[in-house]
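Welcome! Take a moment to look at the structure below, and then we will walk through it together.

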Amino acid sequence: MAAIDIGTNSIHLLIAAINPDLHSFSVVLVEKSTARLGERDPISGALSEAAIERGFRTLQHCRELAESHGVEAIVTAATSAVREAPNGRDFLQSVQEQIGLTVDLISGPEEARLIYLGVLSGMAFGDQPHLILDIGGGSTELVLADGRDSRALTSTRVGAVRLQRDFIDQDPLPPERRSFLTAFIQGALEPAVLQVRQRIEAGEAPVMVATSGTAMAIGALAAAEEERPPLKLQGYRISRQRVDQLVDRLVAMTPEQRRALPAINDRRAEIIVPGALILQTAMRMLAVQELVVCDRALREGLIVDWMLRQGLLEDRFAYQSSIRQRSIRHQAQRFGVDLARAERVATLALSLYDQTVGQLHQDNGAGRELLWAAAMLHSCGQHINVGAYHKHSWYLIRHGELLGYSDGEHLIVAAIARYHRRSLPKKRHEAWQLLDSREDRRLVGGMALLLRLAAALDRRPEARLSGLSATVADQQLRITLHPGDPGLDLSLEQWSLRGCAAALKEATGHELVVH
């Protein structure tokens, strides 16, 4: 299916493939066109003829592109620019008559709800409350939510295009104009911030999630200056101090200097200053010291909302609680992984984890889910080539989409899969160098060793084991294999497992004893 988000600055198209069995979806195509519907008549506030023409052309293109992918449904929503324009409903009526698209004209709170659903589809909230900030062209949505419910859904009529149009007639901004603009933004956001603050419980420290164009642009600028830039901005963290530094630089630049920045496009360079000031002011008012970038927003929310209405999701919170597992299974299906065998390996790996905690490894629990993820995907590299497939697995996981995982966790999962066979980690390996810290390397080393042992027991298409027992004593790891049926010959499994003895000895100093 397809989702079209008609915004103040851009029109976004997303084409998604829905998997009814997993009750989930994967993104097939994303496209953005700068239609600039927010450039309205300065006197009447109506959508200009030029803006309407750009909108028609873009929506016709979106429909044709969606139909070329064989979509079975298209959901479309219009936001701030259209809902505030006196001729907005006439525009949507013409879109329906001439292009055949039925467009929902959504309210500010409904826009906030859909943004919330979109973020839910791509990030794991856990038990921690999150502040979702979406800075659009004509409005800014601020949401307070956790993994169970949304507590506040707010929409404020302050956005990057609106501020650029109404208040910025000098560029670079003089200091007094910047002060005025910041005070105006603060006054506009104050009711929303107050509503959110009233719903934050004592002792809670919400995580700020920033989404949409301004946040992605700020994230791209910050990431471009990293020694090792992240592969994707999803989950990228930026400190408030870093945001302040970037805002100061952007405000001081001329339009030509901003357009020369490779991290942002020409149109974004025109409106990045007011958008960045909204972001900076919101962080200060909410007293948050860091934000997390999310590349999912309204258009993904339209997909989730459609799935809820069609009965493909029982409730959005069950969807949220299993987002990480769904994402892993999606990738496994994408690369033709034998799920039955992957689940057997994962079960054996977790059994080894549980029976050797505090002895063979010192993980505090954080690595258990990452071990499961790596076990489910450890063989995906066979999709490319059976030879040295562990290296291909690292590449596919590293460059794939693991929703709900931070960039650091993503690297860990890929590295665990990389080192489940053949050589142990070496300093020259890219997979090892990309890990953020000594603690991450320790975690990868321990979990990869468990996966190595579990994968060694998966040598046949059919299951032979009902389980295993593991004990650690006197510098020995003793593993007893339990056949699924009495009398089954497990000599192949024993031989394969004993092949891990040298790696175990090198990594931990333990001898391997197999029964």
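The paragraphs below visit some helix pairs and then the cysteines.

This is a predicted model, in which local features need pLDDT of at least 70 and side-chain atom pairs count only at pLDDT 80 or more, while totals for chains, interfaces and linings use all residues. Residues are numbered from 1 along each chain as its sequence is written, and side-chain values use heavy atoms, with hydrogens and water left out.

Two packed helices are described by the angle between their axes and the distance between the axes. Helices here are DSSP runs (H or I, at least four residues), numbered from the N terminus. Axes are lines fitted to C-alpha atoms over the stretch in contact, and angles run from 0 to 180 degrees between N-to-C directions.

Let us start with helix α1 (residues 49–68) and helix α3 (residues 88–99), whose axes come within 11 Å and cross at roughly 40°. The two helices α1 and α3 are therefore oblique to each other; angles under 35 degrees count as roughly parallel, over 145 as roughly antiparallel, 65 to 115 as roughly perpendicular and the rest as oblique. From α1, the contact (heavy atoms within 4.5 Å) draws on I52, G55, F56, L59, Q60 and R63, and from α3 on F91, S94, V95, Q98 and I99. By class, the contact of α1 with α3 has 6 nonpolar, 4 polar and 1 charged residues. Here Ala, Val, Leu, Ile, Met, Phe, Trp, Tyr, Cys and Pro count as nonpolar, Asp, Glu, Lys and Arg as charged, and the others, Gly among them, as polar.

Next, find helix α5 (residues 160–167) and helix α10 (residues 266–286), which pack at an angle of about 95° with their axes 8 Å apart. That is why α5 and α10 are roughly perpendicular to each other. On the α5 side are A160, V161, L163 and Q164, meeting R267, E270, I271, P274, G275 and I278 of α10.

How are helix α14 (residues 339–356) and helix α15 (residues 366–377) packed? Their axes lie 8 Å apart, at an angle of about 150°, so α14 is roughly antiparallel to α15. The contact of α14 with α15 has 11 nonpolar, 1 polar and 3 charged residues.

Finally, the cysteines. With a disulfide taken as a pair of cysteine sulfur atoms within 2.5 Å, the count comes to 0 disulfides. C500 has C380 as its nearest cysteine sulfur, 19 Å away. C500 counts as buried at 6% relative accessibility, and C62 is buried with a relative accessible area of 3%; buried means under 20% relative accessible area, exposed over 50% and partly exposed in between (1.4 Å probe, protein chains only).
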